[in-house]
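Subject: Handing over the two-chain model

Dear colleague,

I am passing this structure on to you, and I would be glad if you could look through it before reading my notes. The notes come after the structure itself.

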Amino acid sequence: MSVAAKTQDFEPLIVAFCCNWCSYAGADLAGTGRMSYPANIRVIRVPCSSRVSPNFILRAFQRGADGVVVAGCHPGDCHYVSGNYHARRRFSMLRRFLEFVGIEAERLEVHWISASEGSRFAQVMQDITDKIRVLGPNRKLRDSR
Amino acid sequence: MKEIMQKMRAEAARVLSSGEVDLVLGWEKGDLWWQSYPVFIENEKKAELLTWDLFCVPNLAKYLLEEIWHKKRVALFFKGCDALGFNQLMQDKRVDREKAFIFAVPCSGLVDPQKVERAGLHQGLLRVERLGDELTFVYKDREKKTAAPWFYYDKCLTCRYPNPVVFDFMLGEPVPVNPRERFTAVKELEGQNVDARFQYWQRQFSRCIRCFACRNVCPACSCRECIFDLTSPRWLGKATELSENQFYHITRAFHMAGRCVDCGECARVCPVQIPLTSLNRKLIKDIDELYGPYDAGVDPQKVPPLVTFNPGDPAAFLESKGV
């Protein structure tokens, strides 16, 4: 089997941690607006983007995710005032750190998606699915069992 | 070093007999030339056990977490790196400054027994002495002199705070500060491509036996309940499995982000020589680059960079490449 054929068969699994107040509502809007986005996305609702611990991301990779998206409110819009500012520092550091230990940085994306940005939600999910499809399956952090 | 040791013993006896403290934490000599272990002294007559030599490397600050000493006044000796660790414990509200009486011991570097062994100087070695910048290896029937920095721990060569930043009483004179560049290894790794880096770290992590020595010795790792010990949820499995090792090391290092004092104890105690300082220093370097220079442990009143924010922070996760 050629490499090209393999990538054709590969369907990425992407976990999206969406903040309850903005991005999850954005996903809702994408749904009610009948915009389509790839079925590869598994959305997990969290209270805030700063609720997402690096452990969640590592565990997702360990248990079969090929990519992870963390989505939260735009800076200044956080329901809890400063959660996404903390998240911004945390994931800026984490993404560089994962790259440092040899994990492709493209596998972890952070986006600000507001409740009114249904089309942006669909677009972001489409983009990351396309990117991960090219990148191939995550083998580096996956549990071998 | 001898004079400092004499002073150490005298001061320990003084604070114990005057009742200023209930306990003195110091180092005592073990059986072999490279052994200097922590010792706990409650009686001034035992103050003669105290030693100060080129192998007094264990950080005593972490012993302050022992519950049974919480109500006691403890005197202890700090090198520069230990003092940073103590400040970090203070910042984390795990130790009480009022209950500790700190003797500062300026330190111009300690000797790594493994380097001595690698140089083949360990056979029949009785003791090692230092005069200025020169080491004397003393054997039964001969002596050998060499330049000291060759045998110092790597962490001592890059040490930026050899003089303790927190103390009540200084033993000896402050020593000159002359650190080597500490990010060399990190920069070298950053220059490689992502797969080469993965290969490198996989090689390192697969050696890990998960003894948790790096966690236990770390002055910034002081949670009463550690996530690696939790059974519900069980974040870290028990299986001998590379992905669990990766999970452990990535999480351990990331928990230290903005709090690691760069004392290098984790790498020193690692029984399989995993270069943990490179992980910690990568995070230190990124914090310096993104949020301005920050040295953990220097000022316990400061807020660590990852528990605060600035509305104008860069969104570094939008970089196409992480490094």
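This is a predicted model: local features need pLDDT of at least 70, side-chain atom pairs count only at pLDDT 80 or more; totals for chains, interfaces and linings use all residues.

Among the contacts in chain A between residues at least 6 apart in sequence, 82% join residues at least 24 apart.

Chain B has 10 helices and 8 strands. For its 323 residues the globule rule gives 20 Å, and the radius of gyration of chain B is close to this at 21 Å, so chain B too is as compact as a globular protein of that length. The C-alpha trace of chain B spans about 60 × 50 × 40 Å along its principal axes, and 40% of the residues of chain B count as buried.

In chain B, 5 strands form an open sheet with mixed pairing, in the order β2-β1-β3-β4-β8. Strands β2 (36-41) and β8 (169-170) of chain B stand at the edges with a single partner strand each, so one side of each is left without a neighbour in the sheet. Within this sheet, β3 (residues 74-78) and β4 (residues 100-104) of chain B run parallel and are joined by 5 bridges; B:Ala75, for instance, has B:Phe101 in β4(B) as its bridge partner. Helix α1 (residues 2-17) of chain B lies across β1 (23-29), β2, β3, β4 and β8 of chain B, and runs at about 155 degrees to β1(B).

Another pairing in chain B is that of β5 (residues 125-131) with β6 (residues 134-139), which is antiparallel and extends over 6 bridges. Here B:Val128 stands opposite B:Phe137 in β6(B), and in the hairpin, which has 2 residues between the strands, B:Gly132 takes a positive phi near 65 degrees.

As for where the chains meet, 32 residues of chain A are in contact with 30 residues of chain B. On the side of chain A that touches chain B, the elements giving two or more residues are α3 and α4 of chain A, and α4(A) gives the largest share, 15 residues.

Helix α8 (residues 242-255) of chain B is mostly covered, with 11 of its 14 residues buried, among them B:Phe247, B:Tyr248 and B:Ile250. What covers these buried residues comes from both chains, and includes α3 (54-62) and α4 of chain A together with α6 (194-205), α7 (213-217) and α10 (276-291) of chain B.

Finally, the largest nonpolar core has 130 residues, and those that touch the most other members include A:Ala16, A:Val68, B:Leu76 and B:Leu110. The largest share of this core, 7 residues, comes from helix α4 (residues 83-100) of chain A. Leaving aside neighbours within four places in sequence, B:Leu110 is in contact with residues including B:Leu54, B:Phe55, B:Tyr152 and B:Cys156.

With kind regards

How values were computed:
Residues are numbered from 1 along each chain as its sequence is written. Chains are lettered from A and ligands numbered from 1 in the order in which they are written. A nonpolar core is a set of buried Ala, Val, Leu, Ile, Met, Phe, Trp, Tyr and Cys residues joined through C-beta atoms within 7 Å. A residue is buried if 20 or more other C-beta atoms lie within 10 Å of its own, exposed if 12 or fewer, and partly exposed in between; C-beta atoms are placed from the backbone. Helices (H or I, at least four residues) and strands (E, at least two) are DSSP runs, numbered from the N terminus. Two residues are in contact if their C-beta atoms, placed from the backbone, lie within 7 Å. The radius of gyration is taken over C-alpha atoms; the globule rule is 2.2 Å times the number of residues to the power 0.38. Two strands pair if DSSP finds at least two bridges between them. Axes are lines fitted to C-alpha atoms, for helices over the stretch in contact, and angles run from 0 to 180 degrees between N-to-C directions.
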